[in-house]
Amino acid sequence: MRKLVVWNLMTLDGYFEGTKPWDIDFHNLAWGPELQRYAEQFGRESDLLVFGRKTYEGMASYWPTAEGEGEIKAYMNGIAKIAVSRTMGEPGWHNARVVSDPIPELTRLKQEDGKTILIFGSAELADSLLKAGLIDEIRVCLVPVILGGGNPLFKPAESQVPLKLIESSTTEGGAMILRYEPVKA
């Protein structure tokens, strides 16, 4: 059985992007050799990336022409990708397809043999999958900054989601990489 893992960078006050879409300059405060190695590991650990439409469009516009990204660029462009959208037509990025209903699709894919399935960004998608009980692990890089406003990573919910810390590490720049798994009732 495959694991479904969410990854994102988040400010200390809980935002994964600023007040405008793709306002992620705060990522530069955390980026360094530790996150570089962590990002490279994603390519070895996974064989499928899943994105919500907005994140997919941003990634698809950046990675095919990214410069100086080496190993990360190679796996981002080569790995299988799913864009979750009810409105998108052709995905227009190598090895990608569009899925309109992610819950049955990811439920099926998790049952197959394969490597980890990763969700980058895509807070709304991650929220719906967490509420459906499909998320096996949440990985967050807590960036040492208070943004003061923006788009929260975790959306309002009707009930708490208890988490168990599996691992934590600190980067030289003071960012914390945290790995949690939801506690199954």
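Contact here means heavy atoms within 4.5 Å. The views show a predicted model, in which local features need pLDDT of at least 70 and side-chain atom pairs count only at pLDDT 80 or more, while totals for chains, interfaces and linings use all residues. Residues are numbered from 1 along each chain as its sequence is written, and side-chain values use heavy atoms, with hydrogens and water left out.

**View 1. Packing of helix α4 on helix α5.** P102, I103 and L106 of α4 meet L125, S128 and L129 of α5. By class, this contact of α4 with α5 comprises 5 nonpolar residues, 1 polar residue and no charged residues (Ala, Val, Leu, Ile, Met, Phe, Trp, Tyr, Cys and Pro count as nonpolar, Asp, Glu, Lys and Arg as charged, and the others, Gly among them, as polar). Helices (H or I, at least four residues) and strands (E, at least two) are DSSP runs, numbered from the N terminus. Axes are lines fitted to C-alpha atoms, for helices over the stretch in contact, and angles run from 0 to 180 degrees between N-to-C directions.

**View 2. The open sheet.** In the order β5-β4-β3-β6-β1-β7-β10-β9, 8 strands form an open sheet with mixed pairing. Two strands pair if DSSP finds at least two bridges between them. The edge strands, β5 (96–99) and β9 (163–170), each pair on one side only. From one strand to the next, the twist averages 25°.

View 3. Strand β1 (residues 4–11) pairs with strand β7 (residues 137–143) in the parallel sense over 7 bridges. W7 stands opposite R139 in β7. Helix α1 (residues 33–45) packs on the sheet and touches β1, β3 (46–52), β6 (116–120), β7 and β10 (176–182). The direction of α1 makes about 110° with that of β3.

**View 4. Helices α1 and α3.** Helix α3 (residues 70–78) lies across β3, β4 (80–84) and β6, and runs at about 65° to β4. With axes 9 Å apart, α1 and α3 pack at an angle of about 35°, and their crossing is left-handed. Q36, A39, E40, F42, G43 and R44 of α1 make the contact with E71, I72 and Y75 of α3. The residues of this contact divide into 4 nonpolar, 2 polar and 3 charged.

Key
Left-handed = near helix turned anticlockwise from the far one by under 90°.
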